[in-house]
Amino acid sequence: MTTTQKPLTKDQIPEISKLQPIPDLQFLEETHQYRWKGQTIPISTTSALSFNQDDAAKQRIADTRHIWEPRGNTVHAVLQSYLEGAAVLSEGEFGEWCQPLLEHCLWSRYDALATEYRLVDKKARFAGSLDFLLKGKDPKGKDRILLGDLKTKSATGKCGDHKAQLGAYASMLAQWHPTLWIDNCIVVNSFPGRVEITTYETQDCLDAWDEQWGRFEAWTPAF
């Protein structure tokens, strides 16, 4: 599986306001599963991305779940509410993360085309949800579309490599919205008191996902 973006001429670029939901695609909160056209999608992007983590990393994630899960859920919900123009949700005990995040200059230059957008591979192999898709102008005034993910970090946390995750979303967007050109993929890293943004080339993300999916397919039993 090799995924690429096909460059568009100026007159092919659509005027997009909001992305419409993919028909018949559901996310079941209680089981964290996706269903499309009545069929349960067997693999989430998270599963394909994490299958080859070492045991120590998996244990650290499990041991700290009570810390990162409520923080991530709250900050994601606050940002989604903000980008959708709704009343911002209560920040609870996570104001140190939310305030610098919402005050970042990125949101003044870009509007959301989609938030928490559900995606599925057209071959029904995998599904996932992107955090946000933005359209606006860079500091030089150039029109750009950014595919992004939000990560919340502890004060001592580090920015990770998330090219494959963003590539999974970009590959599914290319299937459903082939005329949508993604200029860059970004990760917004929210720390207490500060924000750091990591920027990737879209093709690098697509390539990283193709490689990860290939490893996953090779690992998955054929029965």
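Helices (H or I, at least four residues) and strands (E, at least two) are DSSP runs, numbered from the N terminus. Keep those labels handy for this tour. You're looking at a predicted model, where local features need pLDDT of at least 70 and side-chain atom pairs count only at pLDDT 80 or more, while totals for chains, interfaces and linings use all residues. Residues are numbered from 1 along each chain as its sequence is written, and side-chain values use heavy atoms, with hydrogens and water left out.

**Stop 1: the enclosed space**

Rolling a probe the size of a water molecule over the atoms shows where empty space is left. On a 1 Å grid over the protein atoms alone, a cavity is a set of points where a 1.4 Å probe fits but cannot get out, and lining residues have an atom within 4 Å of a point. Grid points are joined across faces, edges and corners, and a volume is the space filled by probe spheres set on the points.

There is 1 cavity of 30 Å³ or more here, and the largest cavity holds about 50 Å³ of space. Select H76, L79, Q80, L83, T115, E116, D131 and F132 to see its lining. Which element gives the most to that lining? Colour α3 (65-83): this helix gives the most, with 4 residues.

**Stop 2: the open space**

A pocket, on the same grid, is an open set with protein on both sides within 12 Å along at least five of seven lines. The largest pocket has a volume of about 2200 Å³. By class, the lining has 13 nonpolar, 20 polar and 15 charged residues; Ala, Val, Leu, Ile, Met, Phe, Trp, Tyr, Cys and Pro count as nonpolar, Asp, Glu, Lys and Arg as charged, and the others, Gly among them, as polar.

**Stop 3: aromatic rings**

Rings of Phe, Tyr and Trp (its six-membered ring) pair if their centres lie within 6.5 Å; planes under 30 degrees apart count as stacked, over 60 as edge-to-face and the rest as tilted. By this rule there are 11 aromatic pairs.

Select F51 and W219, a tilted pair with 4.8 Å centre to centre and 40° between the planes. F51 lies in the loop between α1 (45-50) and α2 (55-63) and W219 in helix α7 (residues 202-219), so the pair ties together parts that are 168 residues apart in sequence. Are these residues buried or exposed? Buried means under 20% relative accessible area, exposed over 50%, partly exposed in between (1.4 Å probe, protein chains only). F51 is buried at 15%, whereas W219 is exposed at 52%.

F216 is buried, at 6% relative accessible area. To see the whole cluster linked by ring pairs, select F51, F126, W209, W213, F216 and W219.

**Stop 4: charges over rings**

A charge sits over a ring if NZ of Lys or CZ of Arg is within 6 Å of the ring centre and within 35 degrees of the ring normal. Show K122 and W176: K122 lies over the ring face, 4.6 Å from the centre. Then try R194, with its charged end over the ring of F191 at 3.8 Å from the centre.

**Stop 5: a sheet**

Two strands pair if DSSP finds at least two bridges between them. Finish with the open sheet of 3 strands in the order β1-β2-β3, where the pairing is antiparallel. β1 (25-28) and β3 (39-40) stand at the edges, each with a single partner strand, so one side of each is left without a neighbour in the sheet. Strand β2 (residues 33-36) is joined to β3 by 2 bridges. Zoom in on R35, whose bridge partner in β3 is T40.
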